[in-house]
Amino acid sequence: MVKALIIYGTRNGATADTSELIAESLRQEGFEVKVINAKNEKIQSVDEYELVIVGSGIQMGRWTNESEKYLENFQQELSQRKLAIFVSSGAAHPLSEGEEKTREIQDARTNYLEQKAAKYNQKPIALGLFGGVYDFNKMSWILRRTMSSLKPQLEEAGLKETEPGRYDTRDFDAIHSWAKKVAQLTSI
Ligand SMILES: Cc1cc2nc3c(=O)[nH]c(=O)nc-3n(C[C@H](O)[C@H](O)[C@H](O)COP(=O)(O)O)c2cc1C
């Protein structure tokens, strides 16, 4: 059985759920998968895993420190096995249209994924740019005020609240397909 490790960093929870979805898809492909929250659980070695997936939520253009630390500290080991990287990012589903939308998606892919892989000398088998969650209930009042203009834009873009004040921009089928692709590429 192929052993896989998913290490994630999250501030608001979306990357935790996305990691579990990826794990579920990999298990359906016969993988044995361990999922860890980089903030709460530390591991000393990735040697036993054939596939490692590192994920992070993006806030103000930044990964979480704890998941990025894994890319930094395990550079050597990660370069010797199959690595995939993903982020949960508002920019995966920009609220703009046309060329600007295309540019925002490409910029997010470049800044949050390609450059991060290059920084730590990695050549991942797959890069995943997934949507995320805006939960106005969990924001501090100052953040809620700062981001208040976003709410009508999310509504206008056709996003429905999953519960009052919570918008989820993820495409669950895309996450599932990405995980299946990662499974195939690991087995090559
Ligand atoms: C305060 C705040 C700042 C954000 N900044 C960005 C950003 O700079 N780029 C982006 O693509 N998404 C941004 N987002 C959207 C997040 O990436 C999205 O909420 C995602 O779900 C975060 O992952 P997490 O829930 O695992 O922490 C931001 C969200 C919040 C609440």
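This is a predicted model: local features need pLDDT of at least 70, side-chain atom pairs count only at pLDDT 80 or more; totals for chains, interfaces and linings use all residues.
Residues are numbered from 1 along each chain as its sequence is written.

The protein contains seven helices and eight strands, where helices (H or I, at least four residues) and strands (E, at least two) are DSSP runs numbered from the N terminus. With 188 residues, a compact globule would have a radius of gyration near 16 Å, and the 17 Å of the protein agrees with this; the radius is taken over C-alpha atoms, and the globule rule is 2.2 Å times the number of residues to the power 0.38. The C-alpha trace spans about 45 × 30 × 30 Å along its principal axes. The domain assignment gives domain 1 (3-132 + 169-187) and domain 2 (135-167), with bounds that come from an automatic or database domain assignment, and the centres of the two domains, taken over C-alpha atoms, are separated by 24 Å.

Five strands form an open sheet in the order 2-1-3-4-5 with parallel pairing, two strands being paired if DSSP finds at least two bridges between them. Strand 2 (32-37) and strand 5 (126-130) are the edge strands, each pairing on one side only. On average, neighbouring strands of this sheet are turned by 15 degrees against each other, direction ignored. Strand 4 (residues 82-88) runs parallel to strand 5 and is joined to it by five bridges.

Helix 1 lies across strands 1 (3-9), 2, 3 (51-57), 4 and 5, and runs at about 170 degrees to strand 1. Helix 7 (residues 172-187) also packs on the sheet, where it touches strands 3, 4 and 5, and its direction makes about 170 degrees with that of strand 5. Contact here requires C-beta atoms, placed from the backbone, within 7 Å; axes are lines fitted to C-alpha atoms, for helices over the stretch in contact, and angles run from 0 to 180 degrees between N-to-C directions.

A further open sheet has three strands in the order 6-8-7 with antiparallel pairing. Strand 6 and strand 7 (161-163) stand at its edges with a single partner strand each, so one side of each is left without a neighbour in the sheet. The twist averages 30 degrees from one strand to the next. Two bridges join strand 7 to strand 8 (residues 166-168), and Y167 in strand 8 is the bridge partner of E161.

Of the 20 residues around the ligand, A14, T15, G57, G90 and G132 come nearest, a residue being near if its C-beta atom, placed from the backbone, lies within 6 Å. Helix 1 (14-28) and strand 6 (133-135) are the elements that give two or more residues to this shell.

Conventions: Two residues are in contact if their C-beta atoms, placed from the backbone, lie within 7 Å.
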